[in-house]
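Please look over the sequence and the structure first, and then read on.

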Amino acid sequence: MTQSHRITVCTSCRHKGSTCRPGYELIDKLRRAIEAAADGVTEAFEVSGVACMAGCDRPCTVAYHGTRKATYLFGDIDPDADIDDLVAFARQYAYLHDGWCSSVDRPGKLRKSTLARVPAAMMVMEETEARAS
Ligand code: FES
């Protein structure tokens, strides 16, 4: 499967009073978990890092993006405890047509740690549809 989805992890997040930046550990663990899953669905995800996604009070932050899909930003993600939930959401997200789902449908901690859910930008599609009609 080609990589059509992306998980972005903040590499700048720090827990209060700590100099450690757990985003790097989170990226490493998430890549290994996705590789270990080897289920063809999670392989569609590229995992990368970025410095700050404006959720600095809720470290670590993690975003899910996909073409023509809603974007999610999650906070309070722990590299030691939340990898299974992140991989489970990758599977779920891959199958969601527009990426949209309710908090109660998200796995584990991701039900309560959503900082943002942004609808897909549909301008190009709407413009194309208008030209076709
Ligand atoms: S430092 Fe991680 S979101 Fe700002």
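A nonpolar core, as the term is used here, is a set of buried Ala, Val, Leu, Ile, Met, Phe, Trp, Tyr and Cys residues that are joined through C-beta atoms within 7 Å. The model is a predicted one, and its chain has 3 helices and 5 strands, which follow the pattern β-α-β-β-β-α-β-α when read along the sequence.

**Overall form**

- The radius of gyration of the chain is 15 Å, which agrees with the value near 14 Å that a compact globule of 133 residues would have.
- Along its principal axes, the C-alpha trace of the chain spans about 60 × 30 × 25 Å.
- Among the contacts between residues at least 6 apart in sequence, 66% join residues that are at least 24 apart.
- Buried residues account for 30% of the 133 residues in the chain.

**The largest nonpolar core**

- In soluble globular proteins, nonpolar side chains tend to be buried together.
- The largest nonpolar core holds 25 residues, and the members that touch the most other members are Ile7, Val9, Leu30, Val47, Cys60, Val62 and Ala90.
- At least two residues of this core come from each of strand E1 (5–10), helix H1 (23–37), strand E2 (45–50), strand E3 (62–66), strand E4 (71–74) and helix H2 (83–95).
- Helix H2 gives the most to this core, with 6 residues.
- Ala90 touches Ile7, Ile34, Thr42 and Phe45, when residues up to four places away in sequence are not counted.

**The loop between E2 and E3**

- Most residues other than glycine have a negative phi, and most peptide bonds are trans.
- Cys52, which is found in the loop between E2 and E3, has a positive phi of about 80 degrees although it is not a glycine.
- Cys52 counts as exposed because 12 other C-beta atoms lie within 10 Å, and the cut-off for an exposed residue is 12 or fewer.
- Ala54 also has its place in the loop between E2 and E3, and its phi is near 65 degrees, a positive value in a residue other than glycine.
- Ala54 has 10 C-beta neighbours inside 10 Å and therefore counts as exposed.
- Cys60 lies in the loop between E2 and E3, and a cis peptide bond, with omega about -15 degrees, joins Pro59 and Cys60.
- Cys60 is also among the residues of the largest nonpolar core that touch the most other members.

Definitions and conventions
Residues are numbered from 1 along each chain as its sequence is written. This is a predicted model: local features need pLDDT of at least 70, side-chain atom pairs count only at pLDDT 80 or more; totals for chains, interfaces and linings use all residues. A residue is buried if 20 or more other C-beta atoms lie within 10 Å of its own, exposed if 12 or fewer, and partly exposed in between; C-beta atoms are placed from the backbone. Helices (H or I, at least four residues) and strands (E, at least two) are DSSP runs, numbered from the N terminus. Two residues are in contact if their C-beta atoms, placed from the backbone, lie within 7 Å. The radius of gyration is taken over C-alpha atoms; the globule rule is 2.2 Å times the number of residues to the power 0.38.
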